[in-house]
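I wanted to get my bearings in a structure I had not opened before. These are my notes, in the order I looked things up.

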Amino acid sequence: MTRKQKRLALLAGVFAVAAGGVALVLTALGQSVAYFYTPADLSRLAAPPSGLIRLGGLVEAGSVEYAEGGAAVRFVVIDEFARTPVFYRGPLPDLFREGQGVVTQGRLVDGRLEASEVLAKHDETYMPKEVADALKEQGRWKEEGGAYKP
Amino acid sequence: MRTAARFAVGLRLEDVAVARGGRTILADVSLTLAPRETLLVKGRNGAGKTTLLRAIAGLLPVERGRIALTNAGSEAQDRRGHAIYAGHADALKPALTVRENLAFWAKLHRAPIARIEEALAALDLASLADQPAARLSAGQKRRAGLTRLVLSGKPLWLLDEPAAAIDADSLARLTGLVKAHCDKGGAAIIATHDRISLPSARAVIVGPEATA
Amino acid sequence: MSGLVAIVARDVVLALRAGGGAVQAALFFALAVLVFALAVGPDLDTLAELAAPVLWTAALLSTLVSLDRIFQADFEDGSLDVMIETADLLELVVLAKAVAHWLTSALPLIIAAPVLALLLNLPQEGYGPLLLSLAIGTPALSLIGALGAALTLGMRRAGALVSILVGPLYAPTLIFGVGAAKAGLEGAPSYGPSLLLLGAVTLFAAALAPLAGAAAIRFNMR
Amino acid sequence: MVTEYANPEKFSRLARPFIPALGAMSVLLFTAGLYYALFNSPADYQQGETVRIMYVHVPAAWMALFCYAAMAGASAAGFIWKHPLADVAAKATAPIGAVFTALALVTGSLWGKPMWGTWWAWDARLTSVLILFFLYLGYIAIWETVEERARAARLAAIVAIVGAVNLPVVKFSVDWWNSLHQPASVFRAGGPTIHESMRPPLFFMAFAYMTTYGALLLVSMRAELAARRLARLETLATEKISGVRPE
């Protein structure tokens with residue numbers, strides 16, 4: 001092989017290896033690498049994880065109950081397929097409310113997450129309150145994130 | 001078919017300029033070297049002898065001008081296939097024996113195994129062959145490093161201060177080796193500040209005073 | 001090709017001879033793990049939870065401290081000149097040096113990992129995922145490390161600089177490596193994806209590091 | 001035409017009037033942007049007044065990515081075509097980009113505490129932006145360490161180009177992984193999800209950052225070119241160039 005052919009062979013090799021990497025990434029993204037588990041993920045597990053986990057989903061409407069004089073809170077995190085009850089004692093973020101996305105961290109005890117941290121996840125929609133109210137009135141409001149469609 | 005047109009090689013430099021570390025070290029260098037010829041490159045420390053040799057070996061890029069092999073057949077432009085540079089550093093690994101070091105270089109140069117013994121004999125190292133390189137004296141290390149010239153089988157030898165640290169006998173052996181190499185059709189460029197004398201060799205001086 | 005094999009073989013022989021790096025790499029790894037364990041304290045449950053991250057972090061650190069071995073000695077004694085003169089493709093020399101580094105620095109610590117995992121009380125089902133993640137991920141550490149070593153070749157303050165350069169590039173390997181080892185231990189759903197992404201990082205490193213490393217060596221040899 | 005502007009002296013001369021112009025524009029845009037952001041835009045239906053942090057944070061995050069892309073692009077141009085100004089532009093961009101990245105991280109943290117309930121989370125977006133910040137620092141460290149400019153430029157270019165693999169990870173991290181950070185609101189398929197009334201401050205601030213970057217870039221490039229010229233004159237004064245002559 002001449003030098004030029006060798007360089008071309010090298011580049012072909014580099015592209016082949018990189019393509020292999022891309023293929024692996026695409027395969028991996030088909031499944032999900034999670035910052036958090038969803039309730040559906042948890043329900044699919046054979047055995048509940050023993051360590052500290054994060055659970056993400058929406059706070060089920062009507063599920064929030066305050067206990068211990070407001071110092072603690074019980075609520076249920078849901079996704080399309082499953083629900084997981086959560087118990088948490090501590091300060092809540094401003095955005096925490098029913099129907100809001102949350103990420104909670106804690107340990108599973110008998111199917112209930114004893115959370116040590118509750119974080120609110122907000123969606124990518126920004127609008128003034130009047131606009132949101134108007135949309136709700138017109139029936140163009142879709143609950144659970146991604147609400148605003150111009 | 002690297003070996004076909006190997007021997008009988010010359011060299012031509014046309015208005016070559018070489019920079020190193022962001023500074024122009026050499027400029028307007030033109031010289032020719034015929035097959036079978038030995039060129040002594042003289043000059044003070046820091047004058048640019050090493051820079052010139054490394055540029056010819058292809059280890060440094062040329063800023064301007066052209067370096068070409070002459071009488072080299074089809075691979076004329078590929079200096080790397082034809083030149084061997086033996087520099088200040090001997091490339092020896094102290095933990096390996098002399099023979100193991102040579103065997104490693106032989107593999108890199110794609111040289112036949114038999115040439116290892118030939119190279120050891122040529123530089124009078126046969127008795128030290130199974131010593132770890134760490135135990136060699138400075139002069140012995142130098143000789144071991146110079147076996148790369150023989151091992152490589154390349155026609156154009158570039159020797160950078162080969163006389164440093166070696167005794168008179170070894171120096172005589174080395175100059176004899178260079179002479180034999182040139183008699184076979186090879187060529188050699190030897191950078192030295194003084195000690196080497198080769199009656200048959202032409203000499204040039206590198207230095208600031210030599211700029212056109 | 002035989003030249004590349006010779007480079008790898010020589011580096012392995014050098015690492016195994018007295019004063020070589022293979023044993024040192026494993027010892028440094030063990031020391032790093034033990035320091036972590038001492039700092040965490042005797043609580044076996046905590047140690048078990050931290051076993052995978054601690055082993056991975058120690059692997060990363062011991063790779064980092066051994067990076068100067070990849071090119072620096074060969075650069076100083078002139079061996080690198082010989083390799084550049086004789087190699088058809090400098091990129092493959094960088095690859096060979098990275099392979100040699102993996103064999104002499106990463107393989108010893110993969111071999112040592114089960115023993116140290118035992119000290120860290122790693123549950124039995126965690127060994128497979130841990131070793132698999134190390135086997136898939138550590139080549140990326142050697143490859144990216146070879147790039148870092150090439151970039152800092154011949155520099156006086158190379159040690160600190162190489163850590164600054166290589167550190168952020170090591171992050172994905174560490175994240176997916178620990179992710180795979182931990183998720184595998186818990187039977188979590190993200191085990192497979194983490195391993196795939198870890199493999200992807202290694203493949204990307206294998207594609208990019210030789211190209212970039214060879215370019216860096218060319219500039220640093222001037 | 002490109003080669004014409006590639007002449008460093010000519011570039012320095014041409015760039016000079018742009019600096020006060022860009023500077024004045026950036027002052028005006030910042031005034032307008034901050035006025036809209038703080039006083040003349042509605043509160044968010046969910047986040048209330050806290051949403052105003054967005055107008056500082058989001059454009060800073062855009063600039064963090066933009067500057068890195070510009071730096072890697074200029075590095076590649078310098079690497080391939082040996083364009084004399086490309087390396088200078090890449091070098092000048094790095095500290096500016098690093099500051100934008102730091103600004104995005106700090107304001108993100110200030111926003112995250114009231115909204116999410118935490119200053120920091122190790123999710124994919126936040127982690128990859130932190131890595132971006134360290135890549136900037138590594139790039140700057142090369143220039144600081146390597147004394148010879150040409151060599152520093154080539155090595156730094158390699159770092160910038162290799163580090164560019166992080167850019168798509170930053171951009172798409174919120175889509176690829178379910179993260180705490182919300183997905184993109186403006187540059188997304190299917191149009192922006194920010195109400196019209198909240199867009200002016202965002203775009204004013206984005207252009208304010210852009211003009212600031214432009215002005216700082218030109219100042220910094222001119223300074224670098226002047227320093228190079230000085231260094232060249234100094235070497236010329238002391239340089240000893242060797243030649244070869246027969247003995």
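Below are my entries, from the whole model down to single side chains.

**Entry 1: ground rules.** I am working with a predicted model, where local features need pLDDT of at least 70, side-chain atom pairs count only at pLDDT 80 or more, and totals for chains, interfaces and linings use all residues. Residues are numbered from 1 along each chain as its sequence is written, chains are lettered from A and ligands numbered from 1 in the order in which they are written, and side-chain values use heavy atoms, with hydrogens and water left out.

**Entry 2: confidence.** I noted the overall scores, ipTM 0.82 and pTM 0.86. Then I looked at pLDDT, the predictor's confidence in each residue, from 0 to 100. Chain A averages 80, and 87% of its residues score at least 70. For chain C the average is 90, with 96% of the residues at 70 or above. Where does pLDDT stay under 50 in chain A? I found that stretch at residues 143-150, for which the model has 17 contacts beyond four places in sequence; a contact means heavy atoms within 4.5 Å. I remind myself that where pLDDT is low, the predicted coordinates should not be read in detail.

**Entry 3: chain A.** I counted elements as DSSP runs, numbered from the N terminus: helices (H or I) of at least four residues and strands (E) of at least two. Chain A has three helices and six strands, and along the sequence they go α-α-β-β-β-β-β-β-α. Of its 150 residues, 45% are buried. For that word I use under 20% relative accessible area, with exposed being over 50% and partly exposed in between (1.4 Å probe, protein chains only). Among the chain A contacts with a separation of 6 or more, 45% are between residues 24 or more positions apart.

**Entry 4: chain B.** Here I listed five helices and eight strands, in the order β-β-β-α-β-β-α-α-α-β-α-β-β from the N terminus on. Of the 212 residues in chain B, 58% count as buried. Of its contacts between residues at least 6 apart in sequence, 74% join residues at least 24 apart. The accessible surface is about 8600 Å², and carbon and sulfur atoms own 50% of it.

**Entry 5: where D meets A.** I see 35 residues of chain D in contact with 30 residues of chain A. The buried area between these two chains is about 2900 Å², 55% of it from carbon and sulfur atoms; this is the accessible area (1.4 Å probe) that two parts lose on being put together, summed over both. How many salt bridges cross this interface of chain D and chain A? The rule finds zero there, a salt bridge being a side-chain nitrogen of Lys or Arg within 4 Å of a carboxyl oxygen of Asp or Glu.

**Entry 6: salt bridges elsewhere.** Over all chains, the structure holds 31 of them. I looked up B:E37 and B:R202, whose side chains meet at 2.6 Å, N to O. B:E37 sits in the loop between β2 (23-33) and β3 (38-42) of chain B and B:R202 in strand β8 (residues 202-207), so the pair ties together parts 165 residues apart in sequence. B:E37 is buried at 18% relative accessible area, while B:R202 is partly exposed at 34%.

Next I checked B:E100 and C:R17, a salt bridge with its closest N and O atoms 2.9 Å apart. This pair joins two chains, because B:E100 lies in helix α2 (residues 98-108) of chain B and C:R17 in the loop between α1 (2-16) and α2 (22-40) of chain C.

**Entry 7: chain D close up.** D:E224 and D:R228 form a salt bridge, 3.1 Å between the closest N and O atoms. They are four residues apart in helix α9 (residues 199-238) of chain D, so about one helical turn separates them. D:S128 belongs to helix α6 (residues 124-145) of chain D and is buried, at 4% relative accessibility. Leaving out residues up to four places away in sequence, D:S128 touches D:N166, D:V169, D:V170 and D:S173.

Definitions and conventions
Accessible areas come from the Shrake-Rupley method with a 1.4 Å probe; for residues, only the protein chains shown count as cover.
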